[in-house]
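Work through the exercises below with the sequence and the model side by side. Try each task before you read its solution.

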Amino acid sequence: MVEKRELLYEGKAKKLFVTDEMGHLWVEYLDQATALNGARKDEVLGKAELNNQITSIIFEELASKGIASHFIRKLSNNEQLVAQVKIIPLEVVVRNFAAGSFSKRLAVEEGKKLKSPVLEFYYKDDALDDPFINDDHVKLLGIAEEEEIAAIKTAAYAVNAALIELFDEIGIRLIDFKIEFGRAADGSILLADEISPDTCRLWDKETNDHLDKDVYRRGIGDIVPVYQEVFSRLKNK
């Protein structure tokens, strides 16, 4: 049985621990909600278990469709085992409908379906407020080479197609989502971090009710019942 050892990293929503298995990390999700790059922070009991279990189900579904990630297995309701990767400092956003900053930036009505998915890169740097960047910036900053950018884009579009299908089956519309990637020890690029209502905009297909972190960001509801609804639909599909 894998053994958890010293703390390696603590972020806004999870802690990473070294394990006794070389190249494997122990992830512990936290009962913490943040917004505005951590400027707003609240304890939300039950959130850790929901995000861990939702992410575990989704990564397992993606693996069944041939999409590789760092996920190995769920260890407990709020913990999982992952392969150690070096996170590429890019937030990769794929949008299917206009919402949030996209709507504000381009004056596109929120909820408008886009003609085709739009992929965006954001430089993962809190001090710079995660600025929107393009492929040339990615290369200039030494974040990724051209072939790696292409691989990331291909994987992101594959994730989008798989998630649209998965959520459609449970009556949820995938508005947009943010994912991250990391380099494994062999140099391959793997999907990493998490996929949950923290990182996706999810709207009920019948009511357009928000089933995601926007209920917290916008102060329109409580996170736990909303995340529980997403988890229940995924678990029972």
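**Exercise 1: A serine in a helix**

Ser 103 sits in helix H2 (residues 100-106). Helices (H or I, at least four residues) and strands (E, at least two) are DSSP runs, numbered from the N terminus. This is a predicted model: local features need pLDDT of at least 70, side-chain atom pairs count only at pLDDT 80 or more, and totals for chains, interfaces and linings use all residues. Residues are numbered from 1 along each chain as its sequence is written, and side-chain values use heavy atoms, with hydrogens and water left out.

Task: Decide whether Ser 103 is buried or exposed, then find what its side chain reaches.

Solution. 
- Step 1. Recall the cut-offs: buried means under 20% relative accessible area, exposed over 50%, partly exposed in between (1.4 Å probe, protein chains only).
- Step 2. Ser 103 has a relative accessibility of 11%, so it counts as buried.
- Step 3. Its side chain reaches the backbone oxygen of Val 108 at 3.0 Å.
- Step 4. List the contacts (heavy atoms within 4.5 Å). Leaving aside neighbours within four places in sequence, Ser 103 is in contact with Ala 98, Val 108, Glu 109 and Glu 110.

**Exercise 2: A glutamate in a strand**

Task: Glu 120 lies in strand E10. Which side chain does Glu 120 join by a polar contact of 2.5 Å?

Solution. 
- Step 1. Check the burial. Glu 120 has a relative accessible area of 4%, so it is buried.
- Step 2. Know the rule. A polar contact is a pair of N or O atoms within 3.5 Å; within protein, one must be able to donate a hydrogen and the other to accept it, and residues adjacent in sequence count only if both atoms are side-chain atoms.
- Step 3. Apply the rule. The partner at 2.5 Å is the side chain of Arg 105.
- Step 4. Look around. Not counting residues up to four places away in sequence, Glu 120 touches several residues, including Glu 91, Val 92, Phe 102 and Phe 132.

**Exercise 3: Strands side by side**

Task: How many bridges join strand E2 (residues 14-19) to E3?

Solution. 
- Step 1. Two strands pair if DSSP finds at least two bridges between them.
- Step 2. E2 and E3 are joined by five bridges and run antiparallel.
- Step 3. Find a facing pair: Phe 17 stands opposite Trp 26 in E3.
- Step 4. Follow the turn. E2 and E3 form a hairpin with four residues between them, and Gly 23 in the turn has a positive phi of about 85 degrees.
- Step 5. Now turn to strand E7 (residues 79-83). Five bridges join E3 to E7, and the two run antiparallel. Here Glu 28 stands opposite Glu 79.
- Step 6. Check the cover: five of the six residues of E3 (24-29) are buried.

**Exercise 4: The length and face of H6**

Task: Where do the buried residues of H6 fall, seen down its axis?

Solution. 
- Step 1. Compare the span. The expected span of a helix is 1.5 Å times one less than its number of residues. H6 (residues 223-236) has 14 residues and reaches 20 Å from its first C-alpha to its last, close to the 20 Å expected.
- Step 2. Pick out the buried residues of H6: Ile 223, Val 226, Tyr 227, Val 230, Phe 231, Arg 233 and Leu 234.
- Step 3. They fall within an arc of 160 degrees, so they line one face of the helix. The arc is that of the directions from the helix axis to the C-beta atoms.
- Step 4. Turn to the face away from the buried side of H6. Pro 225, Lys 235 and Asn 236 are exposed there.
- Step 5. See the cover. The buried residues of H6 are covered by elements including helix H1 (47-64), helix H4 (146-169) and strand E12 (172-183).

**Exercise 5: An alanine in H4**

Task: Ala 156 lies in helix H4. Is Ala 156 buried or exposed?

Solution. 
- Step 1. Its relative accessible area is 0%, so Ala 156 is buried.
- Step 2. Leaving aside neighbours within four places in sequence, Ala 156 is in contact with Val 92, Val 94, Leu 119, Phe 177, Ile 179 and Phe 181.
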